[in-house]
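Work through the exercises below with the sequence and the model at hand. Try each task before reading its solution.

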Amino acid sequence: MTRTLVVSYPDWPAVAAGCRPDEPAVVVFANRVIAATPAARAEGVVTGLRRREAQARCPEAEVVAADAGRDARAWEPVVAAIEALTPAIEVIAPGEAALATRGPSRYFGGDRALGELVARTADSTVGVTVGVAGASAGCRVGVADGRFVAGLAARVAGSGGGGGSVLVVDKGRSRQWLAPHHVSVLGQGYEELAGLLVRLGVHTLGDFSGLPAAAVLGRFGTDGETAHKLARGLDPRPVKARTPPPDMAVAAEFDPPEMRVEAAAFVAKSLADQLLDRLDREGLAATMVSIEAQTEHGESLVRHWRHDGALNASALAERARWQLEGWLAGTGREAGRGDGGRSGPTAGLILLRIVPEEVHQDNGRQMGFWGGSAESDARAARAFARVQGLLGPDAVMTAVIAGGRGFAEQVRLVPWGDSRDEGASTPPVRGRPGQRGQGGQRGGGTRSSTEQPPWPGRLEKPAPAVVHHETTEAQLLDASGNAVEVNGRGLLSSPPCTVSISGAVPRTISAWAGPWPLEERWWDRGGRRRARLQVQLDNGDAHVISREKGCWWVEASYC
Amino acid sequence: MEVRGALGGLFPLGGVQRGITVGVDSRAGVAGSVSLALAVTGGLMAGDGCSWAAAVGFPSLGLVAAAELGVPLDRLALVAEPGERWPLVVASLLDGVDLVLLSQPARVRAPDARRLVARARERGSVLLLVEPSKRMGWPESPDVHLDVESASWQGLGAGHGNLRARRLEVTVGGRRLAGGRHRRVSFWLPGADGVVEVAAPAGTPAGPGERSDLDHERERALVSAVG
C-alpha cells in the first residue's frame with residue numbers, strides 16, 4: 001500500500017477566482033453553488049444550493065461564474081511549486097493533487113513535516129499567483145495509506161478548525177480511522193451505493209467493512225466490491241493495475257509548431273479518441289495518464305492525471321487543455337514577475353503525447369441504446385472537427401432559430417459540438433458521445449426555439465438573405481433633398497425619394513413601406529428604439545433600413 | 001443528387017451530378033444570387049443524396065431566410081471567417097460534407113481553385129460557388145452555372161404593403177448540360193405563399209403579382225377616399 005499525501009483546497013474555484021476568504025463569495029455553475037468562501041459558508045451557504053437561495057442566505061455574497069480554465073491555470077503554478085519538493089506528483093483535478101511520500105518523508109523528516117512543508121509551499125504560491133493572503137487560503141493536507149484515505153484525511157483536516165492543517169493517519173491504522181465515518185464519504189461514483197447502504201441500515205464505513213466480502217460482491221457487484229475494499233483501507237485495484245505495453249502511447253507532432261491552446265487542445269481531443277479506441281480494443285480502461293508536451297526549444301512539461309473512474313475521451317481532452325492553458329498562461333505572468341523559478345514555454349509546441357500510465361481491466365460499460373450514427377454523420381463530424389482544429393472551436397458554428405424581432409436576433413449561433421438548445425429537433429452532437437451532456441440545461445434564461453411567442457414588430461416573410469452584422473450607414477433623402485427623419489410618434493418627416501448606401505451614388509426608391517417602430521426593453525437601460533423601413537430601389541434591390549440613434553442603417557438586404 | 005421542389009427543373013433529370021461545381025451568379029447590379037443559392041441548397045438537402053452542408057465565407061448570411069427556403073439549419077455548418085487558410089478549410093469540408101457553399105475570398109490563386117474542383121470531383125461532393133464573377137473571379141468555369149438575369153419584387157407600394165414575392169429570371173448554362181445551352185427559366189422566389197415555384201413565362205403576368213397589384217389598387221382607392 002503506497003503511503004500517499006493528498007493536498008487539496010476544499011473550495012478551489014473560489015480561491016482561483018481570487019476571492020478573499022473573509023469576504024463572502026460564491027462560485028456558481030448552471031445556477032448551482034459549486035464553491036464558496038469560508039465567510040459565505042459561515043452564513044449557511046452550502047455546495048449545491050441554487051444561486052437565488054444562496055443569495056437569500058447571504059445577500060452580500062459576490063457571485064462569480066465558474067470557469068474550469070481559470071481553475072486549471074491557477075492550479076498549475078501550485079503543482080509546479082510542489083514538484084520542486086518531490087517529483088512524480090499526480091494531479092487529480094484542479095485544486096487537488098497527490099504524491100507518494102516514501103522518499104520525500106524520509107528526506108524532510110517525517111510525514112507531518114512533509115505535510116506542513118507542502119501546505120506552506122502551496123499556500124505561499126497561491127498567495128503570489130492569485131493574490132490571496134498566504135495562510136488563509138485554506139490548504140488541507142492528509143497523509144495516509146492509499147489515496148482514498150489520504151484524500152478523506154485532507155478533507156477532514158480542515159473541519160477541525162484552524163487553517164492549513166495537516167492530518168496524518170498512522171501506517172496500518174486506516175481501517176480503524178475510517179470506521180466511524182459515514183458511508184457518504186465514499187464520494188463520487190458511489191452516491192447510489194451509499195444511499196442504498198443507508199437504507200439498509202449500514203451507516204458507517206465500519207459497519208460496511210464488517211460485512212463479508214463475498215456477500216458484498218454478490219449483492220452490490222464490482223462497484224460494491226471496490227467500495228468495500230476502500231472501506232477496509234485496502235487498495236481497490238492492487239493486482240489488476242499493470243504497466244501497459246509501450247505501443248499504447250499516442251503522439252502528435254506539430255509542423256509548423258503550434259502556439260495556440262485551442263488548436264493543440266483539438267489535436268489532444270483526437271489523440272484521446274485514438275487512445276481510448278486502442279484501450280477499448282484491449283478491453284482496458286485508464287485510471288492514470290500522463291500528458292506530455294514539448295516545445296521547439298526542447299522544454300517539456302509532463303503531468304500525471306489521475307481519475308477515479310475510467311477516463312473517457314472528453315475528460316482526457318479537457319485535462320490536456322487545462323495543462324496546456326496552465327503552462328502557456330505561465331509565460332505572460334512570468335514575464336511580469338521576473339524570475340519566478342518556473343517559466344512557461346518560449347516557443348511553439350512540436351509534440352503532444354498521451355501515455356496511459358496505469359490501466360486496469362475494463363469492467364464493462366452500458367452503451368447507449370441508440371447505437372452508432374450513420375457513416376455520413378461521422379464523416380461530417382470529422383470534417384468539422386478538423387476545421388475547428390485549424391481555426392479554433394468558434395470557427396464552425398451551427399445556427400438555431402430563436403425568438404427576436406431583428407433578423408440578427410432571431411438566430412443564435414452555437415459552436416459546432418456544443419449542444420443546441422433542448423427541445424430543438426436536432427440529432428444530438430454526433431460522433432462525440434457524452435460531451436457536455438448537461439450543457440443544454442444551463443440557466444433558465446434562454447428561450448427554447450420551439451417556444452414561439454408572437455414577437456410583435458417582426459417583419460413579415462420572406463426574410464432577407466443577407467443580414468448585415470457590421471453597420472452600413474445609409475442616407476435617406478426626400479424629393480427636395482432634405483434628410484428624412486422619424487418623429488417621436490413614429491412617422492416619417494416626408495416620403496423618402498433617394499437612398500445612398502455607405503456613401504455610394506444615390507439611387508431612386510421605387511417603393512417603400514413603413515416605418516414600423518420597434519421599442520424593446522423600454523423598462524431598462526439595455527433598451528433599444530428603432531424604426532424600420534422596407535425600401536425597393538429602381539434596380540430591383542430591396543433592403544431593410546432601420547433608424548436608430550439619429551442615423552439610418554442598412555439592417556438587411558434581399559440579395 | 002436529387003433537387004426537390006421547383007428548382008429541380010433547372011437541372012437535367014432534376015438533379016445535380018455528384019462531384020461537379022455549380023456557380024450561382026447574378027448580372028451586374030441585380031441581386032438574388034444568395035437567395036437562389038440558398039434555395040438550391042434547400043432543394044438538395046430535402047432530397048436523399050445530401051445530408052450535410054457547409055457554408056464558407058458568409059459572415060452575414062440571413063439564416064432565417066435559409067430556414068424559410070428549406071435548409072435544415074441543424075445540418076448546416078457555418079465557417080464565417082475562413083481566413084488565409086480557406087483552401088485548406090474548403091478541402092477539409094469537401095471530404096466530409098455533401099455540399100459546400102463558398103463565397104470566395106478576395107484573392108483566388110488558380111492552382112488552389114483547380115485543386116478544390118478536383119477534390120470535389122474525387123470526393124463526390126458538390127461545390128457551390130456564390131457570385132464567382134464578383135471580386136477577382138474564379139479561374140475555372142463551373143460545370144453548371146445559374147445566372148440571375150433580373151429580379152423584381154411584388155407587394156411594396158409607395159408607403160404601404162410589404163415585400164411579398166419576387167420574380168427571378170434565371171439562365172442555366174454550362175458544359176455539363178447536354179440539352180439547351182442558356183435555357184431561361186422564371187421563378188417566384190419566394191412566391192406569395194413563401195414557396196418557391198416556377199413562374200409563367202414573361203409576358204403573361206399571372207399569379208401572385210397580379211393579385212398584389214389589385215390589392216394595391218384597392219388600398220390606394222381606400223386611402224384617397226379617406227384622405
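The model is predicted: local features need pLDDT of at least 70, side-chain atom pairs count only at pLDDT 80 or more, and totals for chains, interfaces and linings use all residues. Residues are numbered from 1 along each chain as its sequence is written, while chains are lettered from A and ligands numbered from 1 in the order in which they are written.

**Exercise 1.** Describe the make-up of chain B.

Solution. Start with the elements, which are DSSP runs numbered from the N terminus (helices: H or I, at least four residues; strands: E, at least two). Chain B holds five helices and nine strands. Their order from the N terminus is β-α-β-α-β-α-β-α-β-β-β-β-β-α. Next, take burial: a residue is buried if 20 or more other C-beta atoms, placed from the backbone, lie within 10 Å of its own, exposed if 12 or fewer, and partly exposed in between. Of the 227 residues in chain B, 51% are buried. Last, take contacts, meaning pairs whose C-beta atoms, placed from the backbone, lie within 7 Å. Among the contacts in chain B with a separation of 6 or more, 66% join residues 24 or more positions apart.

**Exercise 2.** Find how α3(B) and α4(B) are arranged and which residues join them.

Solution. Axes are lines fitted to C-alpha atoms, for helices over the stretch in contact, and angles run from 0 to 180 degrees between N-to-C directions. The axes of α3 (residues 86-96) and α4 (residues 110-123) of chain B come within 9 Å and cross at roughly 5 degrees. The two helices are therefore roughly parallel (under 35 degrees; over 145 is roughly antiparallel, 65 to 115 roughly perpendicular, the rest oblique). From α3(B), the contact takes P87(B), V90(B), A91(B), L94(B) and D95(B); from α4(B), it takes D112(B), R115(B), L116(B), R119(B), A120(B) and R123(B). By class, these are six nonpolar, no polar and five charged residues. Here Ala, Val, Leu, Ile, Met, Phe, Trp, Tyr, Cys and Pro count as nonpolar, Asp, Glu, Lys and Arg as charged, and the others, Gly among them, as polar.

**Exercise 3.** How many residues does each chain give to the contact of chain A with chain B, and which element of chain A gives the most?

Solution. Each side is counted separately: 48 residues come from chain A and 48 residues from chain B. On the side of chain A, α14(A) gives the most, with 10 residues. That side divides into 30 nonpolar, 11 polar and seven charged residues.

**Exercise 4.** Is L349(A) buried or exposed?

Solution. L349(A) lies in strand β12 (residues 349-361) of chain A. L349(A) counts as buried because it has 27 C-beta neighbours inside 10 Å. Leaving out residues up to four places away in sequence, L349(A) touches F254(A), P257(A), E258(A), A264(A), A293(A), Q294(A) and T295(A).

Definitions and conventions. Two residues are in contact if their C-beta atoms, placed from the backbone, lie within 7 Å.
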